[in-house]
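Keep the picture open as you read.

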Amino acid sequence: MTTSKASITAIGSYVPERILTNNDLEKMVETNDEWIVKRTGIKERRIANEKEFTSDLSYKAVLNLMERYDKSVDDVDLIIVCTMTPEYKTPSVASSLQAKLGIKNTGAIDLNAACAGFTYGLYVANGLITSGLNKKVLVVGAETLSKITDFTDRTTCILFGDGAGAVLLEYDEAEPSFISSHIGSEGEGGHHLYSTSLATQMNGMDLLGNGCIVQNGREVYKWAIKTVTNGMKTVAEKGSMNLNEVDWFVPHSANLRMLESICEKSNFPIEQTLYSLVHYGNTSSGTIPLSLDIGVKEGKLKFGDHVLLYGFGGGLAHAGLLIKWTV
């Protein structure tokens, strides 16, 4: 990886007000709190209201970032919103966010790598700043997954929630954040986790769900354990570090049992793992920035810490980054 010239300088987050608890779900489908917590670690999730969309959550996350770190975004020259739940096919969420923020001269793109979205967004933003093409980039991971969740399917509706996290990246040769990276995709397994749009078949198979998320949990679980444990080692090796030198592991918050298995297999302490699923559920590309911000607010994540981020999910895409926390 080329020596980075990009530094993460601020973070912000936002979750909708409405809380959907496991007890609430008991009234909707055949499930119970004990069963959900035992299998997923999730206690509650946030749900956007019917007039609240991904660009609204993104906007409030950026406002939170600006307020807390006294940052202006007027001179941001690119907005990347990582999401699989845009409110329109076009314009992009990033363009809607640009309008809400009133930034006059900026590019705006959406990036869809599902649950790996935020790590892919950071990867792209670092590349653009390090190459000299951009100076200041907003990267947002935001989802309103409740809008594509089938609340009659007890295998998926217990998992998903809504939320957004945002970080600001700025050109800085003296204190760069990015050390190493590893990305990949196994599209041949895409039919194990999908949400339909225009096509009704994939890999020769008829698709279900009518636009809602469909998941073969067992297959995704097996793929994630193998892929992420191998990927963590690769990212650390590329950064000339051992995993035991990493201060914090921040994986996509899919399921606590999955994260425990990944930590066990990679010999990484679960106590040094940051996750956002307990109160927010699986927010796809929102989980990693939300987890980072929880780490900041709880005083765990400190300036200079080495952090290994790993996003994985629909695609089946995955991306890992070793960073130095520079906020």
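**Contacts, cores and crossing helices**

Q: What does methionine 232 touch, beyond its neighbours within four places in sequence?
A: Methionine 232 is in contact with Leu243, Phe249, Ile262, Ser266, Phe268, Leu308 and Tyr310, where contact means heavy atoms within 4.5 Å. This is a predicted model, in which local features need pLDDT of at least 70 and side-chain atom pairs count only at pLDDT 80 or more, while totals for chains, interfaces and linings use all residues. Residues are numbered from 1 along each chain as its sequence is written, and side-chain values use heavy atoms, leaving out hydrogens and water.

Q: What makes a group of residues a nonpolar core?
A: Its members are buried Ala, Val, Leu, Ile, Met, Phe, Trp, Tyr and Cys residues joined through side-chain atoms within 4.5 Å; buried means under 20% relative accessible area (exposed is over 50%, partly exposed in between; 1.4 Å probe, protein chains only). The largest such core has 40 residues, and Met232, Phe249, Ile262, Leu308, Tyr310 and Phe312 touch the most other members. Helix H6 gives the most, with eight residues; helices (H or I, at least four residues) and strands (E, at least two) are DSSP runs, numbered from the N terminus. A second, separate core of 32 residues includes Cys82, Ile129, Trp248 and Ala317.

Q: Why is H3 called oblique to H4?
A: Helix H3 (residues 54-69) and helix H4 (residues 93-101) pack at about 50°, with axes 9 Å apart. Axes are lines fitted to C-alpha atoms, for helices over the stretch in contact, and angles run from 0 to 180 degrees between N-to-C directions. Under 35 degrees counts as roughly parallel, over 145 as roughly antiparallel, 65 to 115 as roughly perpendicular and the rest as oblique, so H3 is oblique to H4.
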